[in-house]
Amino acid sequence: MSETTLSGYILVAPQESTYTYLIDRSGAVVHTWQSEYNAGLTATLTEDGHLFRAGKVENDHYIHGSGGVIEEYDWDGNLVWQYFYSDTEQFQHHDFMVLPNGDILFIAGEIISGQEALALGRDPTKLRDGYLVADKLVEVRPEGFSGGEVVW
């Protein structure tokens, strides 16, 4: 292995943990952030030292997957933005990315009733619990501490 392969840091957000760790290549923890939510499978560190991470929301409306909330923390661990996308009809899950304009692009599941899915041509033997979960992309522009405008 070359020296450059061993340089740099690794961002780790363990799935069943509220902590996100920045570790060096020897495994030493360099920095930590803590959330109220277990990790939702994606975390990224921006050039200004802000951590964006998905969190797994568990409530009566949560259908499946790992997500429901995207959070932004500053380097000091302060929560500076939080956006929930989890209700009875749709939910953020798995992956997201911070776009160059500051918007967040994420994958979401959308619940489509069995009746609507059948009308659209879905094979009735492939309906899960009488409904279909279809993926879609959502772009949200962060607003305030806990909001955002869906722009696409």
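Because the model is predicted, local features need pLDDT of at least 70 and side-chain atom pairs count only at pLDDT 80 or more, whereas totals for chains, interfaces and linings use all residues.

**Whole chain**

Show the cartoon first: the protein has 2 helices and 11 strands, in the order α-β-β-β-β-β-β-β-β-β-α-β-β from the N terminus. Helices (H or I, at least four residues) and strands (E, at least two) are DSSP runs, numbered from the N terminus. The C-alpha trace spans about 55 × 40 × 30 Å along its principal axes. Of the 152 residues, 38% count as buried, where buried means under 20% relative accessible area, exposed over 50% and partly exposed in between (1.4 Å probe, protein chains only). Among contacts (heavy atoms within 4.5 Å) with a separation of 6 or more, residues 24 or more positions apart account for 40%.

**Leu51**

Select Leu51, in strand β5 (residues 51–56), which counts as buried because its relative accessibility is 0%. Displaying its surroundings, and leaving aside neighbours within four places in sequence, you will find contacts with residues including Leu11, Trp33, Leu45 and Tyr73. Thr20 is also in contact with Leu51; the two are 31 residues apart in sequence and 8.8 Å apart in space, C-alpha to C-alpha.

**The surface**

Switch to a surface view, in which the protein exposes about 8,600 Å², with carbon and sulfur atoms supplying 49% of it; areas come from the Shrake-Rupley method with a 1.4 Å probe, and for residues only the protein chains shown count as cover.

Now select Leu137, Val151 and Trp152, a nonpolar surface patch with about 310 Å² of accessible area together. Patches are made of residues with over 30% relative accessible area and no salt bridge, like charges being joined within 9 Å and nonpolar side chains (Val, Leu, Ile, Met, Phe, Trp, Tyr) within 5 Å; a salt bridge is a side-chain nitrogen of Lys or Arg within 4 Å of a carboxyl oxygen of Asp or Glu. Leu137 lies in strand β10 (residues 131–143) and is partly exposed, at 45% relative accessible area.

Finish with Asp87, Glu89, Glu110 and Glu116, which gather in a surface patch of negative charge. Glu110 belongs to strand β9 (residues 104–113) and, at 31% relative accessibility, counts as partly exposed.

Note on methods: Residues numbered from 1 in each chain as written. Heavy atoms only, no water. Lys, Arg positive; Asp, Glu negative; His and termini not counted. Charge placed at Lys NZ, Arg CZ, Asp CG, Glu CD.
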